[in-house]
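Biologist: I'm new to this one, could you put it up and walk me through it?

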Amino acid sequence: MSVDRCIVVAMTTRRTDNGGTAAVEVRGLVKHYGPTKALDGVDLEVRQGTVLGVLGPNGAGKTTLVRVLSTLVQPDAGTARVAGYDVLKQPRQLRRVIGLTGQYASVDEKLSGRENLYMIGRLLDLPRKDARARADELLERFSLTEAARRPAMQYSGGMRRRLDLAASMIGRPAVLYLDEPTTGLDPRTRNEVWDEVQRMVADGATVLLTTQYMEEAEQLANELTVIDRGRIIAGGRVAELKAKVGGRTLRIRPSRPDAAAGMAAAIVEAGLDGVAGARTDEDGLVSVPILSDDQLTAVVGLLGARGYGIAHIDTHLPSLDEVFLAITGQKSSADPDERDPADPEGAADGAPHPKKNVEVSV
Ligand SMILES: Nc1ncnc2c1ncn2[C@@H]1O[C@H](COP(=O)(O)OP(=O)(O)OP(=O)(O)O)[C@@H](O)[C@H]1O
Ligand SMILES: [Mg+2]
């Protein structure tokens with residue numbers, strides 16, 4: 001990050017309640033498209049130097065949020081400040097400190113990869129020599145050096161996406177928006193992107209990342225916000241969300257493999273407080289959803305009293321996929337084919353969400 005950018009961020013952002021400094025502050029943000037409430041009163045904060053993961057199903061409002069925060073779309077109500085600049089009152093200053101990788105590639109097809117990056121460097125007022133050096137550095141980092149002189153129209157989808165990411169990083173932005181940056185990338189390229197994002201954060205950048213990949217959220221994000229139909233429905237650290245949504249599952253391996261069914265039946269019959277049931281799986285383990293350590297002690301005590309031997313025991317937090325499903329009632333898949341074709345947004349009939357009611361807040 002350049003020195004003047006550091007100063008801008010340090011001088012114009014404010015301390016947050018939890019000790020950090022807010023690089024992005026959003027309050028009561030509303031954006032409606034006709035009857036569609038793309039954003040319906042969104043509040044969020046991204047602490048400086050951290051990554052906020054914004055998760056949500058198709059049509060949740062993620063891209064609209066990124067567009068408002070990039071000054072590309074004007075909100076109907078609410079406020080948003082980025083690095084201290086107001087999206088409505090100071091759009092020009094704001095644009096100078098952000099980088100954006102949109103959901104759809106925005107490189108110039110006719111220019112080569114190197115020309116694209118050089119042009120953006122020049123647009124950002126880098127001297128020619130620096131613009132060339134920065135272009136070459138980023139081409140190298142995103143494994144595009146060999147293809148650097150080919151026009152972007154000849155690039156594969158993954159190569160374009162990498163070029164797009166490199167373009168958003170040219171000016172070493174203080175705040176970077178990544179809108180589903182790795183959708184459609186192969187695992188190796190995805191890892192390259194993750195490494196690069198982590199490097200930028202280590203250098204002090206703040207990142208707002210939308211994603212439908214739970215693994216990506218776990219890998220990169222310090223905190224998560226789950227958005228659905230324009231509203232924030234959950235938020236917090238990954239471990240907090242997991243603990244609040246799903247509780248834990250106790251997994252018990254019996255000393256004698258043929259005892260699993262009897263164990264599960266004994267737990268169900270006992271009807272212990274806070275134990276929602278028990279089942280056996282194909283690996284011969286007995287799984288018991290529990291709320292706290294009290295149930296762990298009670299289940300182990302019960303099995304001991306009934307004469308069952310335990311070979312191994314552990315507890316397991318739900319995966320982030322399970323968390324997402326519990327909160328939104330939808331799979332985390334980015335595959336639109338899994339939606340009802342007659343209702344691609346899942347909203348047309350106004351029917352209530354198949355949503356488990358969970359109270360989760362930051
Ligand atoms: N320019 C527009 N005109 C009309 N409706 C729009 C426009 N942009 C977005 N919407 C609607 O606003 C809602 C939110 O869209 P948005 O693109 O922000 O969702 P998203 O969370 O990014 O979805 P995805 O995961 O599919 O990218 C959707 O119902 C969408 O159809
Ligand atoms: Mg989107």
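Biologist: Which residues in α2 are buried?

Modeller: In α2, K62, T63, T64, L65, V66, R67, V68 and L69 are buried, where buried is said of a residue with 20 or more other C-beta atoms, placed from the backbone, within 10 Å of its own. Helices (H or I, at least four residues) and strands (E, at least two) are DSSP runs, numbered from the N terminus. This is a predicted model, in which local features need pLDDT of at least 70 and side-chain atom pairs count only at pLDDT 80 or more, while totals for chains, interfaces and linings use all residues. Residues are numbered from 1 along each chain as its sequence is written, and chains are lettered from A and ligands numbered from 1 in the order in which they are written.

Biologist: And what surrounds ligand 1?

Modeller: There are 13 residues around ligand 1, the closest being Y33, A38, N58, T63 and T64, and a residue counts as near if its C-beta atom, placed from the backbone, lies within 6 Å. The largest share of this shell, three residues, comes from α2.

Biologist: Changing topic, what order do the strands take in the open sheet of four?

Modeller: The order is β13-β14-β12-β15, with antiparallel pairing, and two strands pair if DSSP finds at least two bridges between them. The edge strands, β13 (279-280) and β15 (310-316), each pair on one side only.

Biologist: How many bridges join β12 and β14?

Modeller: Five bridges link β12 (residues 248-254) to β14 (residues 286-290) in the antiparallel sense, and R251 has S287 in β14 as its bridge partner.

Key
Buried ≥ 20, exposed ≤ 12 C-beta atoms within 10 Å, placed from the backbone.
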